[in-house]
Every structure is written in structure tokens, then in C-alpha cells.
Amino acid sequence: MKIWPIFKKEMRLYFTSPIAYVIGAIFLLIAGYFFYSIFAFFTMASMQAAMNPQMARELNVTDSVLRPLFSNVTVILLLLMPMVTMRLFAEERRSGTIELLLTYPVRDGAVLVGKYLAALALYGLMLVGTLLYPAILGFFARVDWGPLLTGYLGLVLIGATFLAVGLFASSLTENQIVASIVAFGVLLIFWVLGWSADYAGGVWGRLLSHLSLIEHFDSFAKGVLDTKDVIYYVDFTVLALFLSLRSLESRRWRG
């Protein structure tokens, strides 16, 4: 499977066009604003706590800053990840070059994995930029490594899931805007499912809660590593990639 040439091609396309720079800049700008706002509020609360010992005992930089920051970052990802993947197959279909990609000796699976890994690598670089925030926190206060590591693991997993869904949406159409909207719509549906869990109750409530994308992220943000949450994101990602592969294969069958 010739994954590496596909990966290099996609990474080159990302960084020889404004896509990677614009998306990365927007991501870091919004994430930085969230961090500044949350940290500024924490600093103000710390100053007030200096005059109230009981309040000071309740302050924790990890819970007060990193946990809400991670949750806010997932909202940014919900909006931006469809933009990262929207062109991966849609542009190939529009320009007609997908027929060249799907011919021997490059297999459908190699094309799919190469493009997905390129999107994942770009996302990884975006996350690396956010490491500045816990570094700043560590300069002023003690940061708990457990919640920090699980929080970033959660961001990697949920981001990987978003990208897989976006890749599937891009394989369905030749219009990049449509691909982005479809990906966002699918992700949003699975995002808000948990909101109805309390009203549904019983088996349906538990099912809706289990299917919710954001419900499984809460444990990571709290510093809890639960295998069922990891399995959920891995299964979701694999399913989306499987559907993408079937979409590519169906195009080969149709000629």
C-alpha cells in the first residue's frame, strides 16, 4: 500500500495553499482568547481568595483553567475540522483526478489512509501550538500531569473522530462547501444527542448519552481515563473510515 506518497502529496497541498495557515491561525487565535479569558478570571479569583482562606482551598488551576479550556477547544474543533477535510476527496472528484488515484497500483485503502493521516498530522501540529498554555500555567502554579495528559488524549481522540467523519462527507460529493456542511451537520447531531438523555430517561436516555460525542469527552477533561470512552472514539473513527472506503469502492464499481 503506497500510503507515504499520498501523505506527502496532501501535506504539500496543505502547506502550499493558505488552508493550513488560515485554519491553524484561527484555531490558535480562538483557543488563545479562551485561555486568556479563563486564566484572567482565575487570576482575579485567586486575588480574592488571598483574603478568604476557605475559598483558596477550593481553587485548583487544573480544574479552573485547563478543564474549561479543553471543553472550549472541542467547540472550536467542531467548527474547524470539517474545513480541514472538506477538500480531501471533494476537490479530487471535482477536478476528475480521483479516477487517477483509484487506479492500479494505488489501492483505495492507501488513498484513504494517506489522506486521513495528513489531516491528522495537520491537527497534531495545531495541538502542539496549544502546549504553550499549560507551559504558562506551570510557570505560575503547579499543574497536575494526570488531567493534562488525559485532556490532550481526549482532544486527540475526538479530533481524530471529527476528521474521519469529515473525510467520509468529502467522499460523498464534489462540492467542498457541501462536504463541510454535511460533516458539521453529522457531528452536531451526535454532539447534541446527550442533551435529550435526561428527558428521555430509561434505556433511551442511556443510549442517547452513550452516542453523544461530548459526553465521552467529559471524563478526559476531568482527568479520568475510562476505556469505554477510548473505545467509543476509536469505534466511531473506524466506522467513519470504513464508510469512506465503501464510498470510494462504490465509485470504482460505477466506473
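**Notes on the structure**

1. Lys115 is placed over the face of Phe89, 5.3 Å from the ring centre. This is a predicted model, and the points below should be read with that in mind.

2. On the overall fold, the protein chain has 13 helices and zero strands. Its pattern along the sequence is accordingly written α-α-α-α-α-α-α-α-α-α-α-α-α.

3. The protein chain has 255 residues, and 45% of them count as buried. Its accessible surface is about 13300 Å², with 70% of that belonging to carbon and sulfur atoms. Among contacts in the chain with a separation of 6 or more, 77% are between residues 24 or more positions apart.

4. Which residues touch the most other members of the largest nonpolar core? They are Tyr14, Leu77, Met81, Leu155 and Phe162, out of 62 residues in that core. Helix H4 gives the most to this core, contributing 14 residues.

5. Tyr14 deserves a separate look. Leaving out residues up to four places away in sequence, Tyr14 touches Ile19, Ala20, Val84, Arg87, Leu88, Ala118, Ala119 and Leu122.

6. Is Arg87 buried or exposed? Arg87 has a relative accessibility of 9%, and because the cut-off for buried is under 20%, Arg87 counts as buried. Arg87 belongs to helix H4, which covers residues 61–95.

7. The surroundings of Arg87 include a polar partner: its side chain makes a polar contact with the side chain of Glu10, at 3.1 Å. Apart from neighbours within four places in sequence, Arg87 is in contact with Glu10, Leu13, Tyr14, Ile19, Glu92, Ser170 and Gln176.

8. The structure holds twelve aromatic pairs. One of them is Trp4 with Phe7, which is stacked because the ring centres are 5.4 Å apart and the planes are at 20 degrees. The planes of a stacked pair must be under 30 degrees apart. Both residues are in helix H1 (residues 3–15), and because they are three residues apart there, about one helical turn separates them. Trp4 is exposed, with a relative accessible area of 54%, whereas Phe7 counts as buried at 17% relative accessibility.

9. Phe70 and Tyr152 form an edge-to-face aromatic pair, with 5.3 Å from centre to centre and 80 degrees between the planes. Why does this pair tie together parts that are 82 residues apart in sequence? Phe70 lies in helix H4 and Tyr152 in helix H8 (residues 145–170), so the link runs between those two helices. Phe70 is buried with a relative accessible area of 3%, and Tyr152 counts as buried at 14% relative accessibility.

Notes:
Residues are numbered from 1 along each chain as its sequence is written. Side-chain values use heavy atoms; hydrogens and water are left out. Helices (H or I, at least four residues) and strands (E, at least two) are DSSP runs, numbered from the N terminus. Buried means under 20% relative accessible area, exposed over 50%, partly exposed in between (1.4 Å probe, protein chains only). A polar contact is a pair of N or O atoms within 3.5 Å; within protein, one must be able to donate a hydrogen and the other to accept it, and residues adjacent in sequence count only if both atoms are side-chain atoms. Contact means heavy atoms within 4.5 Å. Accessible areas come from the Shrake-Rupley method with a 1.4 Å probe; for residues, only the protein chains shown count as cover. Rings of Phe, Tyr and Trp (its six-membered ring) pair if their centres lie within 6.5 Å; planes under 30 degrees apart count as stacked, over 60 as edge-to-face and the rest as tilted. A charge sits over a ring if NZ of Lys or CZ of Arg is within 6 Å of the ring centre and within 35 degrees of the ring normal. A nonpolar core is a set of buried Ala, Val, Leu, Ile, Met, Phe, Trp, Tyr and Cys residues joined through side-chain atoms within 4.5 Å.
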